[in-house]
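Please look through the sequence and the model below. A short briefing follows, grouped by topic.

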Amino acid sequence: DLGSGAGADVLISARRVGPTGKAYGLDMTDEMLALARSNAEEAGVENVEFHKGFIEAIPLADASVDVVISNCVLNLSGEKPQVLREVARVLRPGGRFAISDVIADEDMDDATRADMQQWTGCIAGALTRGEFAAALAGAGLIDLEIHETHRVHPQAASAIIRARKAD
């Protein structure tokens with residue numbers, strides 16, 4: 001889970017992969033990593049690992065994970081194509097990428113793009129549908145799906161974004 005925060009999605013994933021699998025969380029802050037580790041211990045979940053790092057340089061081995069998830073974190077990066085290249089690097093052949101994030105309308109205005117409050121709210125840094133598709137394809141991911149779920153701003157929508165690494 002890229003930007004795993006307190007680890008809730010990692011703990012859910014740990015149940016899904018079962019005792020022989022492993023769920024990883026990645027966060028850049030010591031405070032969130034400490035909270036995530038505490039939450040895992042309190043829940044009695046042992047098949048998790050939380051790593052400190054940045055989503056632009058995922059601290060995992062090449063072809064080491066089956067699924068990469070994230071919830072509204074990719075748009076906080078100023079280097080989205082690099083993040084997607086890293087996702088492709090750590091995914092095993094056939095591995096899946098599935099995130100929720102914000103996609104910008106094609107006509108998002110410059111004032112919104114320059115507004116730091118809109119950036120931290122995942123709006124200003126959002127890619128358009130076309131930019132997202134191009135970045136996913138550029139990273140070598142295939143079977144791209146981008147499904148808008150609901151409007152979050154007059155010029156942006158929440159979306160589920162999926163792709164996979166070729167077998």
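Is serine 158 buried or exposed? Serine 158 is buried, at a relative accessible area of 13%; buried means under 20%, exposed over 50% and partly exposed in between, with a 1.4 Å probe and protein chains only. This is a predicted model, in which local features need pLDDT of at least 70, side-chain atom pairs count only at pLDDT 80 or more, and totals for chains, interfaces and linings use all residues. Residues are numbered from 1 along each chain as its sequence is written, and side-chain values use heavy atoms, leaving out hydrogens and water.

**Around serine 158**
- Serine 158 lies in strand E7, residues 156-165 (helices, H or I of at least four residues, and strands, E of at least two, are DSSP runs numbered from the N terminus).
- Beyond its neighbours within four places in sequence, serine 158 contacts residues including Asp101, His147 and Val152 (contact means heavy atoms within 4.5 Å).

**Helix H1**
- In helix H1 (residues 8-17), the buried residues are Val10, Leu11 and Ala14.
- They cover an arc of only 100° around the axis, so they sit on the same side of H1; the arc is taken from the directions from the helix axis to the C-beta atoms.
- Ala8, Arg15 and Arg16 are exposed on the other side of H1.
- Strand E1 (23-27), helix H2 (30-43) and strand E2 (48-52) are among what covers the buried residues of H1.

**Strands E1 and E2**
- Four of the five residues of E1 are buried, so E1 is largely enclosed by the rest of the structure.
- E1 and E2 run parallel and are joined by five bridges (strands pair if DSSP finds at least two bridges between them).
- Aspartate 27 has lysine 52 in E2 as its bridge partner.
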